[in-house]
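Open the model in your viewer and keep the selection tool ready.

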Amino acid sequence: MIPRYTLPEMGAIWSDVARFEAMLRVELAVARAQAVRGQVPPDALAALETRSRVDVERIAEIERTTDHDVIAFVSQVAESVGPEGRYLHLGLTSSDVVDTGLALQLRAAGERLLLDTDRLLSVLIVRARGEAATVMMGRTHSVHAEPTTFGLKLAGWAFEVERGRVRLAAAVDEIGTGKISGPVGTYSHLGPEIEAEVLAALDLHADPVSTQIVQRDRHAALLTAIAIVGGSLERFATEIRNLQHTEIGEVQEPFRAGQKGSSAMPHKRNPIVSERIAGLARLLRGYAHTALEDQPLWHERDISHSSAERVILPDATILLDYMLVRATALIDGLLVRSERMRENIARGLGLHASSNVLVALVDDGGLSREDAYAIVQRASLRAADERSPLRDLLAVDPAVAQRLSLAKLDACFDDATFLRHVPDVIARLDGLADELATRSGATAKVPDAG
């Protein structure tokens, strides 16, 4: 991944040094298990543990001859050890080391993503509570529907992030799976007890029946979970972009001092972070597709997955890390223009109350639903065409006047009737906050806004 979208901590997990050091951890764990069984002399193990070093430049130099990076790695580390280096990689096949080392990297990357997700969730909970009573127009098909609150919208985002985290956590746990079972998974050189001991020391699951590799359904599950979280972030970003339209203007991305939106138009204040998140989410879906294509390898393995994974696994985790961090800052600093929300509701001419009037004409006026619908629809379309308040047209409509008093008609336009259950829904965040606090080891709930 290019530096622009790589944050330092996640980038470090995927450096060449980190990759080979993860492989070295596997090699040394195997050597320790072999030493317990007398297969590696104690002095050789001591040499391996004290002298083993990773030299990425030397590995690259050797690989130019071998055209095999694992052989180059083993040769370089053996060089750093000296004569005792001959005990390195005894009985192992390349994928024992590569796939198990990769599991260590993926688990580390996944754990960082889970922390990122929790930080976003914390901010969403705080802001949802703080905007619980900020009334805005709900829209379906991009058309005014009925009033909602911005806090309710954010609460929905919070629960979506939590669902994504549950999927991601399951995939991260599953991806922490290694194997030390030899060329075709038959333990032809090292027994199952070695594998069990090594993977326990590395805190990894053992693939119960591997081939030469850990099967790629696990990797596909991880990248699919990552893509789904990315899709959620894109959904949030798309809503922010829409609400920042000049004609709507209900929210605005943070805009720091000195920031510029256009080289030609000084007035521009563009939703660039949201647009960036939306664009990067497309990459995540592409990586997930590639991971699914990596599942059907030939026989006990082929190498067609390897080249793809060198791109998609680092890039997917690096990108989601970046997106989660940027989305957290975006939500935390989002400017909410409640006055514009009220203006937009007023501009709707009360059309959003049509459903209340419909119900009142049926319940209080005794009309059939079909007849009531026709009356309200006729008045609504006229109100929209003439830019007249719906309430005023209905008040002088004989079909309405003879069935509803003005008091009952006015009650239909009281927005509080639409929002009376919002506090109950917002209260559901309490359980989510408790779960988050438990995960983080905190003793207190996520703080309320303000």
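Start with two helices. H7 passes H9 in a left-handed crossing (left-handed: the near helix is turned anticlockwise from the far one by less than a right angle; right-handed: clockwise). Select residues 150-175 for H7 and 217-243 for H9. Helices here are DSSP runs (H or I, at least four residues), numbered from the N terminus. The two pack at an angle of about 165°, with axes 8 Å apart. Axes are lines fitted to C-alpha atoms over the stretch in contact, and angles run from 0 to 180 degrees between N-to-C directions. H7 and H9 are therefore roughly antiparallel (the term applies to angles over 145 degrees). Colour their contact by class: 16 nonpolar, three polar and seven charged residues. Ala, Val, Leu, Ile, Met, Phe, Trp, Tyr, Cys and Pro count as nonpolar, Asp, Glu, Lys and Arg as charged, and the others, Gly among them, as polar.

A note on the model: it is predicted, with local features needing pLDDT of at least 70 and side-chain atom pairs pLDDT 80 or more, while totals for chains, interfaces and linings use all residues. Numbering runs from 1 along each chain as its sequence is written, and side-chain values use heavy atoms, without hydrogens or water.

On a 1 Å grid over the protein atoms alone, a cavity is a set of points where a 1.4 Å probe fits but cannot get out, and lining residues have an atom within 4 Å of a point. The structure holds one cavity of 30 Å³ or more. About 60 Å³ of space lies in the largest cavity (volume: the space filled by probe spheres set on the points, which are joined across faces, edges and corners). Select Leu-120, Leu-124, Leu-233, Phe-236, Ala-237, Ile-240, Ile-277, Ala-327, Leu-330 and Ile-331 to show its lining. Which helix gives the most to this lining? H9 does, with four residues. The lining has 10 nonpolar residues, with no polar and no charged ones.

**Then: along H6**

Select H6 with H20 (residues 429-440). They pack at about 150°, axes 11 Å apart, and their crossing is left-handed. On the H6 side, pick Asp-118, Leu-121, Ser-122, Ile-125, Ala-128 and Arg-129. These meet Leu-429, Asp-430, Leu-432, Ala-433, Leu-436 and Arg-439 in H20 (contact: heavy atoms within 4.5 Å). By class, this contact has seven nonpolar, one polar and four charged residues.

Contact residues include Ala-22 and Met-23 of H2, and Val-97 and Leu-104 of H6.

Select Arg-19, Asp-69, Val-98, Ser-306 and Arg-310, the closest to the centre of the largest pocket among its 24 lining residues. A pocket is an open set of grid points with protein on both sides within 12 Å along at least five of seven lines. Its volume is about 540 Å³. H2, H5 (69-81), H6 and H11 each supply at least two lining residues. H6 gives the most, with seven. By class, the lining has eight nonpolar, eight polar and eight charged residues.

Methods. Parallel < 35°, antiparallel > 145°, perpendicular 65-115°, else oblique.
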